[in-house]
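Thank you all for coming. I would like to walk you through one model, and I will give the cut-offs behind each term as we reach it.

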Amino acid sequence: MTYLRNIWYVAAWADQVPAGEKLVRRILNEGLLLFRDAEGRAVALRDRCPHRYAPLHLGKLNDGVIECGYHGLQFNAQGACIFNPHGDGVIPPLAKVESYPVEERHDALWIWMGDKDRADPALIPDFSSVINDGNTVVRHYLNPQANYELMIDNLLDLGHTAFLHPDSLGSEAIIQSTRRTRIEGDTIVDELWAPDGDAPPMAQFLFEKFSGVKIDHWLQSTWIAPSLIRGVAGYAPAGRDRADSETLPGLHWLTPETDTTCHYFAALGRNFRREDAQLDAIIDAGVMKAFGQEDMPMVAAIQGELAGVEAERLHPLVLSTDKAGIMARGMLRKLIKKERAEPAEEPSGDAPDLAMVGG
Amino acid sequence: MTYLRNIWYVAAWADQVPAGEKLVRRILNEGLLLFRDAEGRAVALRDRCPHRYAPLHLGKLNDGVIECGYHGLQFNAQGACIFNPHGDGVIPPLAKVESYPVEERHDALWIWMGDKDRADPALIPDFSSVINDGNTVVRHYLNPQANYELMIDNLLDLGHTAFLHPDSLGSEAIIQSTRRTRIEGDTIVDELWAPDGDAPPMAQFLFEKFSGVKIDHWLQSTWIAPSLIRGVAGYAPAGRDRADSETLPGLHWLTPETDTTCHYFAALGRNFRREDAQLDAIIDAGVMKAFGQEDMPMVAAIQGELAGVEAERLHPLVLSTDKAGIMARGMLRKLIKKERAEPAEEPSGDAPDLAMVGG
Amino acid sequence: MTYLRNIWYVAAWADQVPAGEKLVRRILNEGLLLFRDAEGRAVALRDRCPHRYAPLHLGKLNDGVIECGYHGLQFNAQGACIFNPHGDGVIPPLAKVESYPVEERHDALWIWMGDKDRADPALIPDFSSVINDGNTVVRHYLNPQANYELMIDNLLDLGHTAFLHPDSLGSEAIIQSTRRTRIEGDTIVDELWAPDGDAPPMAQFLFEKFSGVKIDHWLQSTWIAPSLIRGVAGYAPAGRDRADSETLPGLHWLTPETDTTCHYFAALGRNFRREDAQLDAIIDAGVMKAFGQEDMPMVAAIQGELAGVEAERLHPLVLSTDKAGIMARGMLRKLIKKERAEPAEEPSGDAPDLAMVGG
């Protein structure tokens, strides 16, 4: 499977890689080892010693230096071999491990799996609307047993919430809502407007005042290629008096792990009841039920049903709720095609797409 | 693997699909969902929503209508979409699920996986000799981890009973028996005659009078292409005085699940001690030991040994006990070849066998 | 994967096949059944009845005769069918099971998987330096989840001991040692000389006098194609006064099981504290920790990383400690090439290597 490579993917929440610890993680089908150097900067190396292919995570991490557990070669945080205990101790020229640019931002570690020269941290999209000093943020990590595109489908399609998450995120009003979807650069903005209905159960729980009364509910989701989503949910008393409106910013980040699995990072921010740890726990439990116990089995079952075939090729039935997802997939296909057609730093084994080059 | 399709297969015992419940079952490599419509008639749909390929069994069944668990599309028992909760609610033309003809007969649900136009219930073979109002019937369902042809081999070859089932079905007399095997239309009739020997342990248990005395034992098995067997076992005092003879009618039905597994339905009828629930339990335990604990591991081990190659291609050693099985396989090959050569309703990707067409 | 076939492999420790018992073992990807004939001689048959491919290990062993559990065909220790209970009882010509020459020597059963005519027991290498009447021998069997070549790499490379086995076999002195590696016929002799250092922890434990003092330590390993290693470890007071030197002979035998797993037989001999069962237990525990808990996970992880590709093809970084292993692999490649180029008794499907024939 071909992935967009010259792009920042989220490798981990920053606190999943504490100083002195190793995190093994597969990204775009490659086995990586994440850890922190002596200064605390997060780094990523290929999880494989160039000598006998021992996984480096079986070795020791000391002051930001990885010692291979098999023969004691030591590699620094950039993947350079800095110590060879054998023979004359000369460092062989081949003794280096592939390293990947990593940036820490928005509580996360962002990794660049493409041309290193182009790894500009300024390209990391802005998620400060969710993760900022004024918000309390509840964060999640899940490992869907499904390709990341199935998760994008899932997240951009709000029509499923009423059926799969009736106890938390869904409502009759969402099914009856109006939707507007537009392209903005490399992003797709999807807006949902569900006036004069019951609030979803989770919103009724978070905002007592919306319980049992009709509200106006809106959602805006922005998909940023290839697999980041920034959203905000709004709630106001029905009739558009927004003096008492409430908003909940959230984000969803997906990173391909293998062709049939992905990493899923989600977060919900709030600027009220900020020190309420019990509320944190309730949100956490609710999200883990909705995403972990409702979405995960569904997307895994679909992945199994597809058996490796891309969903589009099966000519599925399309419903109105699919619009944003279909637009996202289309844009993603174009971006991948474009990237493969570009002159690459390292020539790849794939023939360039001549039609694209000519066009 | 190519299967005969224009034929009735047994999908389930009728009571495996109670009203209001769903049975997920794979048949001829296809994932199906069996349930009952509002009138209680059993139906079978492809277990896959045409929208996002969610398995329909993850949804809800209400009054014979399946609601997809992901987006709430509702399908009736014929697979037609009858409700679309999204957008303008129009039912898209593609919104239908493949359905399969199902007939309920002989306590079982029969399914037709071929051309629907040819699904004539009159083609279901008659098993009323086993399942009828005058008999008490003990029924079994097993899931052999072996191709259905290995199970046909097993069931048509009675020579194995003395070795694999010495405590129940086998006897020295069966090994020494004479056999006659003949073709009758699309069936193969195999007759075994084992005079003047000990009754098999199970028969001695069922009929006390045959315990410790010499008996004449006969068996007749009729294989009906592709995978149904109707049999009767007879026992009489040695010397052919059949005044005190006893008979036990039985059946064995096989349905391909995948290329290396199948569904196995078996039943034994009796017209004596009909209300004896303890006897039911003893028969059940005996059969489950013989079939479940003795045959199942053996055929699964052979399936593993074959590793996907058809047994004939390995040029196995043939013994006299194999005759009926070999004739059955030969007839099955011819029937499959013939079916593929026929002008099909939907053109298949397989080239017709010209030699067959010409012949 | 192509293996050397006209060679003796170790199939089992002799006591893994007690009289009257069956041992199922896969060797060079073939399923075998080992047992003893009526005279107690170990034999090996293909674990598959030629009739219906039932694994013979599911049958009965009586006085050196295997009765197939499915239909009662009986095979003697040479694989000849000696009883057919079915029909007229004639033994069909095809009723035979492949048998393999087996020799019992050095507490082990050696098997010949090539041309039977060439199975000369004199070709079994001599391991009497380890297994002899003057030694107490502690033996092990392990089942590495790695190709046997990865285990040869592991065993011929002593540089890893300091890192993977620091509590038992490794020492700083071994890393700093000098190594000499030479070819002798179809063997490779690797000598290690580590003067004036601390003894490895296991040696300090076995020989109290070497605890806390500097010693001279030497190791000699002889690799005998394709997968046998005979070794001896020596320890003496530093300064080459060998009056108080001690030696420990050992052996390592590898047999391919599948392309990604192997059988590993190891033994350590000693001529001191011979009746000390507690010492046996301590050696056993130490070896099982070093080999079982340290080497096994490492080679299995590397096997997973290689994903079926031969390590050489990945152009790994080479260190000085790899010399003997690389020479062994090179010699093994040549021997396999040579064997395939030889006129074989049974023509194989592989084209002979013409370059080799011409050379």
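This is a predicted model: local features need pLDDT of at least 70, side-chain atom pairs count only at pLDDT 80 or more; totals for chains, interfaces and linings use all residues.

**Chain contacts, a helix and the cysteines**

Let me begin where two chains meet: between chain C and chain B there are four salt bridges, a salt bridge being a side-chain nitrogen of Lys or Arg within 4 Å of a carboxyl oxygen of Asp or Glu. One of these joins Glu305(B) to Arg46(C), with the closest N and O atoms 3.8 Å apart.

Residues are numbered from 1 along each chain as its sequence is written, chains are lettered from A and ligands numbered from 1 in the order in which they are written, and side-chain values use heavy atoms, with hydrogens and water left out.

Staying with chain C and chain B, 23 residues of chain C are in contact with 26 residues of chain B, where contact means heavy atoms within 4.5 Å. The area buried between these chains is about 2100 Å², and carbon and sulfur atoms give 63% of it; buried area is the accessible area (1.4 Å probe) that two parts lose on being put together, summed over both. Arg52(C), Tyr53(C) and Tyr70(C) supply 35% of what chain C buries against chain B, more than any other three residues.

Turning to chain B and chain A, 23 residues of chain B are in contact with 25 residues of chain A, and the area buried there is about 2100 Å². Arg52(B), Tyr53(B) and Tyr70(B) supply 36% of the area that chain B buries against chain A, more than any other three residues. Four salt bridges are counted between chain B and chain A, including one in which the side chains of Glu305(A) and Arg46(B) meet at 3.8 Å, N to O.

Now for a helix, and helices here are DSSP runs (H or I, at least four residues), as strands are (E, at least two), numbered from the N terminus. In helix α1 of chain B, residues 148-156, nine of the nine residues are buried, so the helix is largely enclosed by the rest of the structure; buried means under 20% relative accessible area, exposed over 50%, and partly exposed in between (1.4 Å probe, protein chains only). Among the buried residues are Tyr148(B), Glu149(B) and Leu156(B). The N-terminal end of α1(B) is capped by Asn147(B), with a side-chain oxygen 2.8 Å from the backbone nitrogen of Glu149(B). In chain A, helix α1 (residues 148-156) also has nine of its nine residues buried.

Cys49(B) counts as buried at 1% relative accessibility, and Cys262(B) counts as buried at 0%.

Leaving aside neighbours within four places in sequence, Glu246(C) is in contact with several residues, among them Phe207(C), Lys209(C) and Tyr235(C).

Methods: A polar contact is a pair of N or O atoms within 3.5 Å; within protein, one must be able to donate a hydrogen and the other to accept it, and residues adjacent in sequence count only if both atoms are side-chain atoms.
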